[in-house]
Amino acid sequence: MVNDKYSTAPQRVLFVSIHPDDETFGCGGTILWHKNNGDAIYWLNLTGPTPNHPYGFTNDVINKRENQLSLINQAYGFKQFINLPFPTQMLETVEQRILVGSISKAYADIKPDVLYLPNRSDIHSDHRAGFAALFAAAKSFRSPYIKKILMYETLSETEFAPALSENAFIPNSWVDISVWFERKLEIINIYDTEVMPDPYPRSIHAVKGLGAFRGSRICVSYAEAFVQIFETR
């Protein structure tokens with residue numbers, strides 16, 4: 001995208017996370033870029049630590065996550081946040097029909113022009129099941145208002161997919177986030193339970209390294225990279 005010459009009018013832009021933190025690790029700078037651009041930004045999250053989850057999440061864990069979601073929502077200034085009640089780490093157990101129906105309802109409520117989705121080949125089974133439903137719900141006869149779809153990369157999920165050609169994340173769109181990079185790091189740290197120590201995949205060290213590497217592709221300090229998989233004009 002770099003400087004998208006077609007984005008002259010404000011757009012309705014929906015960022016989708018499978019788990020809260022995907023959106024910030026994957027495209028936090030781009031969220032801020034769209035906000036600064038005057039676009040209306042929205043957030044859809046699919047899973048969380050639900051009550052009666054087989055993994056036995058405590059009320060303290062659930063309450064902490066709800067507080068984090070509130071802080072993240074405020075930090076970005078989303079116009080609307082939709083949090084679907086599906087169980088984390090178990091999304092593949094939910095009927096696809098139910099997933100697609102819930103996601104389609106969210107799309108219809110927001111009517112986004114642009115859609116940011118997690119990468120289809122991420123190693124986490126939740127990401128793969130989520131992408132399949134998200135993309136199915138975005139079919140043009142179901143969601144004719146969607147004009148562009150991009151996939152983002154998530155540290156510790158995208159790069160750990162098997163090294164096969166069909167799993168490759170090959171960017172064809174970049175956003176210069178140099179101005180917003182430090183703010184992205186501040187928002188990442190709201191997810192204090194998800195940030196890993198250096199030099200692990202979700203460490204600040206890794207976030208800086210990936211941002212600098214993607215930035216070098218377009219000769220800027222920091223960038224986020226995407227695979228654009230659909231566009232209509």
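What follows is a short chat about this predicted model.

Me: Where does G77 lie?

Reply: G77 is in the loop between α2 (59–76) and β3 (80–87).

Me: Buried or exposed, or something in between, for G77?

Reply: G77 is partly exposed, because its relative accessibility is 27% and that class runs between the 20% and 50% cut-offs.

Me: And what is G77 in contact with, leaving aside its neighbours within four places in sequence?

Reply: K35 and I41.

Me: OK, pockets. What volume does the largest pocket have?

Reply: About 390 Å³. Its lining is made up of 22 residues, and those nearest the centre are H19, D21, R65, T88 and E194.

Me: Which element gives the largest share of that lining?

Reply: α2 does, with 4 residues. β2 (40–48) also supplies at least two.

Me: How does the lining of the largest pocket split by class?

Reply: There are 10 polar, 7 charged and 5 nonpolar residues.

Me: What about the second largest pocket, which residues lie nearest its centre?

Reply: G48, P49, T50, E66 and N83, out of 15 lining residues. Two or more residues of that lining come from each of β2, α2 and β3. The volume of the second largest pocket is about 190 Å³.

Me: And by class, for the lining of the second largest pocket?

Reply: That one has 8 nonpolar, 5 polar and 2 charged residues.

Terms used. Residues are numbered from 1 along each chain as its sequence is written. This is a predicted model: local features need pLDDT of at least 70, side-chain atom pairs count only at pLDDT 80 or more; totals for chains, interfaces and linings use all residues. Side-chain values use heavy atoms; hydrogens and water are left out. Buried means under 20% relative accessible area, exposed over 50%, partly exposed in between (1.4 Å probe, protein chains only). Contact means heavy atoms within 4.5 Å. On a 1 Å grid over the protein atoms alone, a cavity is a set of points where a 1.4 Å probe fits but cannot get out, and a pocket is an open set with protein on both sides within 12 Å along at least five of seven lines; lining residues have an atom within 4 Å of a point. Grid points are joined across faces, edges and corners, and a volume is the space filled by probe spheres set on the points. Ala, Val, Leu, Ile, Met, Phe, Trp, Tyr, Cys and Pro count as nonpolar, Asp, Glu, Lys and Arg as charged, and the others, Gly among them, as polar.
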